[in-house]
Amino acid sequence: MHVAARALAGQALSIFGDHQDVMACRSTGWCMLASESVEMVQYNALVSHLVSMERRVPVQHFFDGFRTSHEVNKVKLIDYNTMKQFINWDAVKEHHDLAMNPRHPHVQGTSQGPDIFFQCVEAGNSFYDNLADLFEAKSRLVEQKTGVHYALYAYDGHPEAEYVIVVMGSGAVTCSETAKYLQEKGEKVGVLKVRLFRPWDRTRFMAALPTTTKRICVLDRTKEQG
């Protein structure tokens, strides 16, 4: 699912600058992949479908509403014939075979006691194990044909930064440009751009963060009441 993120309606409607709607889905079991530019939207949209089809886990690919979704820009398109080469057709067939069909009905949505219910819930963890590795693998697969790669956690700035901003979405573009400007002025600053938000990969996040970091500022683009 591809979402142009925007604020939830409160005292009024707002179409700009918030991730309230997508953040409300954090506990639903969907993977969450963020894009920060119009070209990255195309790339991550493809990766999302490849991962979801192979692992059968839904992926919510989101980007900033209006700031990115309505931006007019030039991008290098990935043609459909190239996309077709990435598809795991066995996974597509398995997906179709699992669809509801009156010719081979099955029971679903029964009532379970708490012991059985939570055993089934925990059994679902296997679908999320090493899921970041699958995102990485599909990204590398697309890179082979397009020459483009976006890391799940990307760092820009001074290699020995002491102060680092952590951010998702279009704000990462502005932060990166600012960090480069300040680096030229001798400031030890940097930006860590998060793309894979759910499931969170602590290992990749820490690997992208400079070991010299003293302070982190997380720019959270959502307002949660209470």
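**Exercise 1. Determine in which sense strand 4 and strand 6 pair, and over how many bridges.**

Solution. Strands here are DSSP E runs of at least two residues and helices are H or I runs of at least four, both numbered from the N terminus, and two strands pair if DSSP finds at least two bridges between them. In this predicted model, local features need pLDDT of at least 70 and side-chain atom pairs count only at pLDDT 80 or more, whereas totals for chains, interfaces and linings use all residues. Residues are numbered from 1 along each chain as its sequence is written, and side-chain values use heavy atoms, with hydrogens and water left out.

Strand 4 (residues 153-157) pairs with strand 6 in the antiparallel sense over 5 bridges, and Ala154 has Lys193 as its bridge partner in strand 6. Strand 5 (residues 163-167) also pairs with strand 6, in the parallel sense and over 5 bridges, with Tyr163 standing opposite Val189. From strand 5 the chain passes through helix 7 (residues 171-184) to strand 6 in a right-handed β-α-β crossover, meaning that, with the strands pointing away from the viewer, the path from the first strand over the helix to the second runs clockwise.

**Exercise 2. Explain why strand 6 is described as largely enclosed by the rest of the structure.**

Solution. Buried means under 20% relative accessible area, exposed over 50%, and partly exposed in between, with a 1.4 Å probe and protein chains only. In a regular strand the side chains alternate between the two faces of the sheet. Because 6 of the 6 residues of strand 6 (residues 189-194) are buried, the strand is largely enclosed by the rest of the structure.

**Exercise 3. Identify which residues of the largest nonpolar core touch the most other members.**

Solution. A nonpolar core is a set of buried Ala, Val, Leu, Ile, Met, Phe, Trp, Tyr and Cys residues joined through side-chain atoms within 4.5 Å. The largest core has 40 residues, of which Phe135, Val142, Tyr153 and Leu192 touch the most other members. Helix 2 supplies the largest share of this core, 6 residues. With contact taken as heavy atoms within 4.5 Å, and leaving aside residues up to four places away in sequence, Phe135 touches Cys31, Leu33, Val47, Val51, Val59, Leu152 and Leu196. Another core, of 6 residues, lies apart from the largest one and has Val167, Ala172, Val189 and Val191 among its members.
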